[in-house]
Amino acid sequence: MKFHFAAAFVATSVLSLPALAQNYGSAGCGLGSIVIGPGEGFSQVFAATTNGTGYQTFAITSGTSNCKTTAQAAVLEQQESFMVNNYAVLSKEMAQGSGETLAGLSSTLGCEPSLQPAVASHLQKSYSRIFSQPGALAALDATRRELQSHPEASQGCSKLSI
Amino acid sequence: MFRLFSCLCLFSFLFVRVQGAAAQNSPAAPSAPSAPSAPSAGSEAPDAPASSGAAEVEEPVYPVERQRVTPLSSNAVSALGAARHRARTEKLAQTSRWRRLLFITPGWFSRSKSVVDSDTFFFAPDGRVDPEAELEASLEAMFHAVDDFAAPDVHPQCRFPARFAFFKDTLGLDDAHLPKPHCAKFKTWFANTRGDGASLVFSSYYLNNPSSMFGHTFVRVHRTHAENTTASRGSPLLDWSVSFAAFPTTNNPLLYAVLGLAGGFPGRFSMMPHYVKAQEYNNHESRDLWEYDLAIGQEGVTRMLASLWEIGNEHIDYYYFDDNCAYILLALIEIARVDVDLTSNFYFWVTPSDTVRVVARVPGLVTNVSYRPSNMSRLLERWEALEGEEREFAVLFTKEPEAFPFDWGPLTSEAKARVLDVMLEYIDFEEKLALGKEPDSKWAPIREKVLRERAGTRVISRSLERKPEGERPDLGHSTNRIGVTGGLLGASGTAPSVPFGQLEWRPSLHDLLAPGVGYPPGMELDFWDMVLRYKAKSTKKTKIGAPKNAPAKLTLHKFNLIEIISAQPSTGLLSPWSWRFRLGTEQRESCYGREKSCFLSGMALGAGLTVANHTRSVLAYVLPGVDLGYSDERDMTLFGALSASSGVILRPANQVRVGLRGNTVRRFGVNGAALSDWEARLDTAVSWSTNFETRVGAGYCARAAQKETLEASLSLFRYYE
């Protein structure tokens, strides 16, 4: 069998992926868009990752993403993907004022590790403002805004304004 | 015996490695239809010469389409010659480092060969089985002119960066005589994935999915971030996880099992953020994750990634038991750590937990073990932190969630926060919230209210600290088991005893009386449990399956293809279903309507409840169910049955287990006959070390209220990889 590596590479990393991504607004580039997908994303990820089932995902990360990203867009992508995929856990940990996933989020926001307790506690206080609009991306925007208004976080988190 | 024989035939058929139709399907099924340039015709005519390579008679099938052949400069020719000479003198092709790059495994019934099935992975026509030819062909390919290829990215140096690095390391290739393609795609990919460490991650046993019952392993690459700040290094959730799993081509469960065992599905690598894997396993499937940090350093990770780039899109038939996730990942770890030997520990079966033990056994290879709890483990930990009245609120919430918000009475904010945390974990567990999934319309408004009230308390939750060392998979017994048993059989009353001896082999995995360390409590998973029994000659008439003067006899006493007991204890907050399943055949010493022993084959399915004390040192279950089967007893050729299987398992110490287990069955034959069977066994298992155990047991069984037999036995068991 003479399977053409290059063709397969191009086919999987370029042709198939934007189709999943095109309806996804600002997260339409990169990993987040692929992992999440519009609407049916969950089952797709489930299929992708459960051992026993499968999905051709290796090529996804063979290029950086669907888009020619700038460094900033890559940061945004990571924040969005992280927020969307961990939405339920993050809303819980923000309400609790602590948690490892929340620490992960603050890491994507460029916050110094020493700031994490302060960040978590501030997000707990801001809970109702962060979740005043539905959706993970709205929550991410609100989270960045809330941290910008926090004296320490606005200094200690390097990726709040993208 | 005929039935047993046919049974075995079926199962050995499963192990015939069918390089079947499924393997011919395009490995990249979702995208293949939209890939007009893929020369799919190639799969129809594997031996046809490369279309553009007809200029040379001996043109091999190149992994990467070489479009023209530029002659090498004389300097390059001599450099290649010198390198080839050095490779031959140093017998480089026989080194484990080279063989590992080709993923060559020892063949137990045939030649050693690579697990990679596709020709695109090899430069030499028989590169799959001939590492020497493959080394020479690969080495030569590294010298091919960049212009020979359609794009620099498909140049052998770019397509096989691990081999290229290997040649540079071992043969001292001079850059001056080598072409220098710009490997843009590999470089971008590598910049994005590079890491400075890695962990082997074990995802705990998941009995509800046949393909996950034995656990699963994958590798987390500790990411090196472009901005080298401590903040970005902080969260392992942002690392990459590399997984190898079957890519099924059918949804039919039966075909799935057959093709899965027979290697009918291609195996595929995937690479995704670790938070996706953590969400999937912890929160969707309720499986704990154990992460073993490996001492492989940046250089090792680089080698591993380069190799992964080479093999990532290749085609590997996925055999459930050997070329599986666990094995391939060990091979990747061996590439990172050339000085350790992991894969040669395995001969026939590879279960993921065995690979974890093999890795943990190498001195210094594991530097740290961490634990990531499943949603169920988190719920239990939060629940156990509650006291008195707090528990009542939590239980009330599980019964009447609509009644929330509650009047908390005198509860402090801290106490309220603890209860609300349990409620949140309860909702997330019930709804399996993961990967952006939203709660359903019943739970969404309730969860919202609980979250707001929780945030309003301003109490910071204490972090989860439970780490059940006793369930660490590397501390558990190995999964293969071999056993020797001696005992006496007797009938009730005065009949004399008949001595018997048994040999047992069970390749996988764990039973309720086995050492509990390293396994979740209440789990039994016996796969391919096979018992041969030898009965001595009987001189007098007995009632125990041996007429007077019966000759000594060796029989297959038991063959359970699979037996599962999932005895999940109720906790006061949750009452999960416990269940069992068995498919197999068994010899009975006392049978209805005949003097000789008989065989019962079939399946049993049951569901019920389990209770346990807090430490799980006492566990009791009742699992009523139905059986279907056939036997060679009179009137019971084909039967259906109602059954109840129950047991009490005591673990007074880690080294001692006592089990009292019983089964009562009411069988209904096709012609209207009905029979009752009772069986009970009392066993005591004592471990002398992790992998060595003795069991003393006594059994009683009655058939149709008239034939009673007793059995006493002493067994020695040895677990091994």
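Leu435(B) is buried, having 26 other C-beta atoms within 10 Å; a residue counts as buried if 20 or more other C-beta atoms lie within 10 Å of its own, as exposed if 12 or fewer do, and as partly exposed in between, with C-beta atoms placed from the backbone. The structure is a predicted model, in which local features need pLDDT of at least 70 and side-chain atom pairs count only at pLDDT 80 or more, while totals for chains, interfaces and linings use all residues. Residues are numbered from 1 along each chain as its sequence is written, and chains are lettered from A and ligands numbered from 1 in the order in which they are written.

Although Leu435(B) is not a glycine, its phi is positive, at about 55°. This residue is found in the loop between α17 and α18 (443-456) of chain B; helices (H or I, at least four residues) and strands (E, at least two) are DSSP runs, numbered from the N terminus. Trp528(B), likewise not a glycine, has a positive phi near 65°. Trp528(B) belongs to strand β13 (residues 523-535) of chain B and is partly exposed, with 17 other C-beta atoms within 10 Å.

Cis peptide bonds were also identified. One joins Phe404(B) and Pro405(B), with omega about 5°; Pro405(B) lies in the loop between α16 (388-399) and α17 (413-431) of chain B. Another links Ser508(B) to Leu509(B), again with omega about 5°, and Leu509(B) is part of strand β12 (residues 508-510) of chain B.

The model scores ipTM 0.80 and pTM 0.82. For chain B, the mean pLDDT (the predictor's confidence in each residue, from 0 to 100) is 82, and 82% of its residues reach 70 or more. Within chain B, confidence is highest in strand β7 (residues 289-294), at a mean of 96, and lowest in helix α2 (residues 21-24), at 30. Over residues 1-61 of chain B, pLDDT stays under 50. Where pLDDT is low, the predicted coordinates should not be read in detail.

Technical notes. Contact = placed C-beta atoms within 7 Å.
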